[in-house]
Amino acid sequence: MSQPHDFPFDITDVAELLHLRIRRPSPQGLYVDCPICNDKRGKMHINTQSDTWRCNYCDESGGMLALYAKVHSISTSTAYREISDALLNGVNLSDHAVKFPDKPKETPVEAAPAADIAVRNKTYTALLAMLTLSKEHRAHLQTVRGLPDEQIERLGYKTMPPFYMCRSLANRLQQNGHQLDGVPGFYQKDGQWTIASSSFTAGIMIPARTRQGLISGFQIRLDVPLKNEDDPPEKDGAKYIWFSSAGKPKGTSSGSPAHFVGDPNAGVVYVTEGLLKADIAHYLMNRSFAATAGVNNMAQLEFLLKELAENGTHTIIESEDMDKYRNEAACKGALKLHELARKYGMVCRGLNWNPNYKGVDDWQLALKRNAYAKEDSRKNFRQRFMYGLCDFEVIDDDIAQWHESTECTCELHEYLGLTEEEYSLFVRNSDELENRLLSQRQEQRFRIYQLDVSLYKVIPFAFGGIKELQKAGHEYPPAAQYRLIHDGMLHCEETASDTGRLTRIAELFGDALPKDYRGRSVAPSDVIELYDDTGRRYFYRDTDGFCPVKFSPMLAKK
């Protein structure tokens with residue numbers, strides 16, 4: 001195939017010079033690790049037919065000179081000279097750790113053009129009618145995702161068919177008059193139509209729908225994430241792939257369509273990453289949602305935003321995951337959404353939530369399940385009184401509840417949280433017990449410091465644990481990037497440990513925030529100061545617990 005340029009080299013030569021690591025082949029080239037954003041999951045596609053590249057994670061793209069130039073921060077003219085000099089001076093494949101395969105001499109499989117949306121919707125709807133949802137997948141959607149059966153049925157989730165059923169399903173669709181040519185996911189094998197399915201694609205089919213509710217494609221939530229053989233065990237694999245038959249005879253690419261769920265004429269539309277996430281958030285919030293497969297997968301979303309604007313949508317609520325504050329690629333995608341909304345005359349506002357939850361669906365599901373609900377009500381009388389959450393007279397109400405309870409099997413003093421000796425004191429003289437407990441109660445002063453985050457300044461360890469802080473090159477939290485959010489006081493037992501006091505603060509400033517509090521929920525990367533007459537102690541909120549750290553509060557913003 002002739003190249004679209006007259007250069008004495010092609011993109012595989014450039015990729016070899018950059019030591020790019022091959023992850024897997026594609027019909028048009030290769031997937032490699034991206035040297036721009038340093039993502040190690042093979043998200044960059046090298047198109048060996050057009051000598052172009054694009055990273056599906058950071059959204060950088062261009063020609064082969066631009067690739068070399070971006071990696072080395074030089075101009076394209078300098079890149080051309082360096083590449084030519086390197087090849088001219090005998091730099092060959094044996095000099096590199098990775099050898100790119102020769103371009104295939106056989107004619108590449110030509111992708112079939114996608115069928116009209118009405119055709120795809122008709123074929124996909126018929127396919128779903130032939131499929132079922134396994135018990136395991138239904139249980140996952142119910143228990144982990146929080147979806148009731150009614151919503152599962154309405155959204156149309158089904159289990160991906162096994163490969164041995166694919167040819168018969170395709171045959172039945174054809175016999176019923178449905179078109180398969182140009183429908184992503186269908187292709188011809190040995191002259192007969194079948195479905196692109198294998199043991200690797202087992203999972204839940206998530207329909208991608210247009211604003212009108214037509215099915216334009218499917219994402220597959222994989223049962224077993226796809227990982228490279230040499231990936232470390234702790235590294236996550238790809239959890240979602242498109243239902244696609246690109247690269248197969250008469251096959252068609254999915255086209256990575258955008259997804260919409262909710263009122264097609266909504267004035268306010270929320271936008272997030274992930275089709276399943278949007279469906280769950282729509283159900284939990286009763287709001288209209290649009291979604292892309294990736295935070296930088298904006299090509300199809302732009303068409304949807306234009307359509308929404310033309311049909312009365314005036315406000316877009318950017319609801320991308322909270323890692324947009326620490327991840328350059330996610331931040332870039334969120335900013336691009338703001339730009340696209342303004343391009344079509346819509347207002348765009350960002351939605352932030354408790355950073356302990358990455359996605360809008362996680363946050364809303366936690367609220368529904370009341371993860372921290374009524375934490376104080378589950379504490380016994382003694383705990384509540386020592387925390388300053390109730391007056392002493394409440395003990396009479398708790399005693400009445402114990403007498404009326406038919407389920408409580410513990411002794412009354414245990415129910416109240418008192419020792420036998422304390423309860424005996426209460427029976428003799430309630431005032432003496434109150435005075436004893438008050439003598440054991442202490443006031444703890446504390447301050448909360450939180451990172452001053454914005455979409456325009458990515459902080460690599462934002463909402464991350466101590467390992468992320470250290471990975472970002474900090475031994476201790478950089479106080480200049482923090483802001484003093486709250487200066488308060490809590491009651492606790494004088495024998496309470498620092499860990500117990502810090503845990504109590506995290507509970508108080510969790511999902512249900514006090515009315516006079518102006519900060520975010522306490523989350524990883526926050527710094528909490530405990531102080532009294534004896535001095536100050538600083539603690540970094542880790543992903544699980546707290547770590548003592550050094551901190552310079554005078555450098556923090558007020």
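Predicted model: local features only at pLDDT ≥ 70, side-chain atom pairs only at ≥ 80, totals over all residues.
**View 1. An open sheet of four strands, in the order β6-β9-β10-β11.** The pairing in this sheet is antiparallel; two strands pair if DSSP finds at least two bridges between them. Helices (H or I, at least four residues) and strands (E, at least two) are DSSP runs, numbered from the N terminus. The edge strands, β6 (158-159) and β11 (238-242), each pair on one side only. Seven bridges join β9 (residues 203-209) to β10 (residues 215-226) in the antiparallel sense. I204 stands opposite R221 in β10.

**View 2. Helices α4 and α8 on the sheet.** Helix α4 (residues 117-130) lies across β6, β9 and β10, and runs at about 50° to β10. Helix α8 (residues 275-285) lies across β9, β10 and β11, at about 75° to β9. Axes are lines fitted to C-alpha atoms, for helices over the stretch in contact (heavy atoms within 4.5 Å). Angles run from 0 to 180 degrees between N-to-C directions.

**View 3. Aromatic pairs F163 with Y164 and F186 with F243.** Rings of Phe, Tyr and Trp (its six-membered ring) pair if their centres lie within 6.5 Å; planes under 30 degrees apart count as stacked, over 60 as edge-to-face and the rest as tilted. F163 and Y164 form an edge-to-face pair, 5.7 Å centre to centre with 80° between the planes. Both F163 and Y164 are exposed. The ring centres of F186 and F243 are 6.3 Å apart and the planes stand at 80°, so this pair is also edge-to-face. F186 lies in strand β7 (residues 186-189) and F243 in the loop between β11 and β12 (259-261), so the pair ties together parts that are 57 residues apart in sequence. F186 is buried at 0% relative accessible area, and F243 is buried at 1%. Buried means under 20% relative accessible area, exposed over 50%, and partly exposed in between (1.4 Å probe, protein chains only).

**View 4. Charged ends over the rings of Y531 and Y387.** A charge sits over a ring if NZ of Lys or CZ of Arg is within 6 Å of the ring centre and within 35 degrees of the ring normal. The charged end of R447 sits over the ring of Y531, 3.9 Å from its centre. For R504 over the ring of Y387, the distance is 4.6 Å.

**View 5. Helices α15 and α16.** The axes of α15 (residues 420-428) and α16 (residues 430-439) come within 5 Å and cross at roughly 135°. The two helices are therefore oblique to each other; angles under 35 degrees count as roughly parallel, over 145 as roughly antiparallel, 65 to 115 as roughly perpendicular and the rest as oblique. Residues making the contact include L425 and F426 of α15 and L433 and L437 of α16.

**View 6. Positive phi at K250 and N286.** Phi is near 60° at K250, in the loop between β11 and β12, and near 55° at N286, in the loop between α8 and β14 (288-292). K250 is partly exposed at 36% relative accessible area, whereas N286 is exposed at 62%.

Methods. Residues numbered from 1 in each chain as written. Heavy atoms only, no water.
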